[in-house]
Amino acid sequence: MNAENQGCSERLVTAAYVRQGAQGRRAHELRLRALLEQGKCPEDGWDESTVELFLHELAIMDSNNFLGNCGVGEREGRVASGLVARRHYRLIHGIGRSGDISAVQPKAAGSSLLNKLTNSVVLDVIKLAGVRTVTSCFVVPMATGMSLTLCFLTLRHKRPKAKYIIWPRIDQKSCFKSMITAGFEPVVIENVLEGDELRTDLEAVEAKIKALGAENILCVHSTTSCFAPRVPDRLEELAVICANYDIPHIVNNAYGVQSSKCMHLIQQGARVGRIDAFVQSLDKNFMVPVGGAIIAGFNESFIQEISKMYPGRASASPSLDVLITLLSLGTSGYKKLLKERKEMFSYLSSELKKLADNHNERLLDTPHNPISLAMSLKNLDETNDAAVTQLGSMLFTRQVSGARVVPCGSVQTVNNYTFKGFMSHANDYPCAYLNAASAIGIKKQDVDVFLKRLDKCLKTFRKEAKQEKSINEISDANAATEQLED
């Protein structure tokens, strides 16, 4: 309420009460002012009333919400369902323009402001999470795989002769298909086994660059966050190789923002060598619905090139979701979630080790993986070829989601490329295993219930194995008796 309206109100309600109400609103407005001036995530999270007031203020700046607006174009922000309009806080125009996803829309000052503020707040949080020298980022309404594709397509114009992408193997379909969709040929570099860990084969990477010729290589496509026993790539060394051969370097940092170790690797890689862009998922790192990612980097002009490569306007939903979330959490709330995740990783690790010991299995030693753990299923695999996959089905039907069971020797073809030992990131990993991860938002109750249900499933297998052994022993004894009688 402006001063003029406030004065009018004082003729209807006691002036002191109106001024008190105005002071209450002023407290909300000071928060909004700080956000607009600084462009940073607030330290303390906002209450819902402040967030909703802010979104309402943005929405009434868009032309579709103007009183008396007369739209005669093909895209006027018309929405048939009131429920849909409320779901989007009446921010209907989306973000960007036909030539640039980061451009300001004349019809939608509020949505454009939302877009700019979201990118600024997200950049602040990425710095907070450990990549302090990042200079630019933007939220894109596509998940990680398609966002990687956008990066590769942008590089195509810089390296027109290039047809190959060097890719240390990680058995996850979307990052592999991101290269195929962009029209490039992935050159798969098998990992090397060091203890239980699968690590980057740097010698093989450099040898392949020399064999193919640096000018024929679009980029090196590395990975931070991954399923154990694979661990984050040796980013510092890869970054140095890329700098030495003048080859771009794109990092798949899918759920790495929540890990200080993954973010440190990116920061160090950029410090000692070359990292052109790193891509991370919104849902995995900020607990929002699936459908958005952040493309970030250390060269602002290159990140702007990527944003201009996106064709047409884009949905504002991912930007809206992550901005609401970060304003509600504040930096203190997000730091608390990161701290809790680390604590739960330690707890999950220690308790899963105890369970593994009880079942004559072991927790694989993967100290370089800060999020995912793996427990061997060697005894289960030796008992029955189908037992490993059956365990996965049993856990799923018992409402355990996210746990992965990886049998030995599975083969899968993705876009005409055949992966032996698919899901294990190697052709011949020594044992079958089960994955569990400590990701942001996990609670102690989640860990305890998971371990209880896993323990019960494994006991079921052990009981069945004993019964089968007893039956076999009885059969062998009967056969021996019959032979003696004969």
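The model you are viewing is predicted. Is L12 buried or exposed? L12 has a relative accessible area of 77%. The cut-off for exposed is over 50%, so L12 is exposed.

Together with L12 they make a nonpolar surface patch of about 380 Å².

**The whole chain**

Zoom out. The protein chain has 16 helices and 14 strands. Its C-alpha trace spans about 115 × 60 × 40 Å along the principal axes. How much of the chain is buried? Buried residues make up 49% of the 486 residues. The chain exposes about 23400 Å². Carbon and sulfur atoms supply 51% of that area.

Next, think about contacts between residues at least 6 apart in sequence. Of these, 71% join residues at least 24 apart.

**Helix α9**

Select residues 235–245. This is helix α9. Which of its residues are buried? They are L235, L238, A239, I241 and C242. Turn the view until you look down the axis of α9. The buried residues fall within an arc of 160°, so they line one face of the helix. An α-helix has 3.6 residues a turn, so residues three or four places apart point the same way.

What covers that buried face? The cover of the buried residues includes two helices, α8 (202–212) and α10 (260–272). Strands β6 (217–223) and β7 (249–252) are also part of the cover.

D246 forms a salt bridge with R274. The closest N and O atoms of this pair are 2.9 Å apart. The pair links distant parts of the chain, 28 residues apart. D246 sits in the loop between α9 and β7, and R274 in the loop between α10 and β8 (277–281). At 23% relative accessibility, R274 counts as partly exposed.

How many salt bridges does the structure hold? There are 21. Why look for such pairs? Side chains of opposite charge can pair when their charged atoms come close.

Select R25, E29 and E57. Salt bridges that share partners join these residues into one network.

Go to R169 and D171. They form a salt bridge, with the closest N and O atoms 2.7 Å apart. Buried or exposed? The cut-off for buried is under 20% relative accessible area. R169 is at 0%, so R169 counts as buried. D171 is at 3% and counts as buried as well.

Then pick R230 and D233. This pair also forms a salt bridge, and the closest N and O atoms are 2.9 Å apart. Both R230 and D233 are buried.

**Last stop: D124**

Select D124 in helix α5 (residues 109–129). D124 is buried yet has no salt bridge. Which side chain of opposite charge is nearest? It is that of K40, 5.0 Å away.

Finish by showing what D124 touches. Leave aside its neighbours within four places in sequence, and D124 is in contact with K40, C41 and T331.

Definitions and conventions
Residues are numbered from 1 along each chain as its sequence is written. This is a predicted model: local features need pLDDT of at least 70, side-chain atom pairs count only at pLDDT 80 or more; totals for chains, interfaces and linings use all residues. Side-chain values use heavy atoms; hydrogens and water are left out. Patches are made of residues with over 30% relative accessible area and no salt bridge: like charges are joined within 9 Å, nonpolar side chains (Val, Leu, Ile, Met, Phe, Trp, Tyr) within 5 Å. Accessible areas come from the Shrake-Rupley method with a 1.4 Å probe; for residues, only the protein chains shown count as cover. A salt bridge is a side-chain nitrogen of Lys or Arg within 4 Å of a carboxyl oxygen of Asp or Glu. Buried means under 20% relative accessible area, exposed over 50%, partly exposed in between (1.4 Å probe, protein chains only). Helices (H or I, at least four residues) and strands (E, at least two) are DSSP runs, numbered from the N terminus. The arc is that of the directions from the helix axis to the C-beta atoms. Contact means heavy atoms within 4.5 Å. Lys and Arg count as positive and Asp and Glu as negative; His and the chain ends are not counted.
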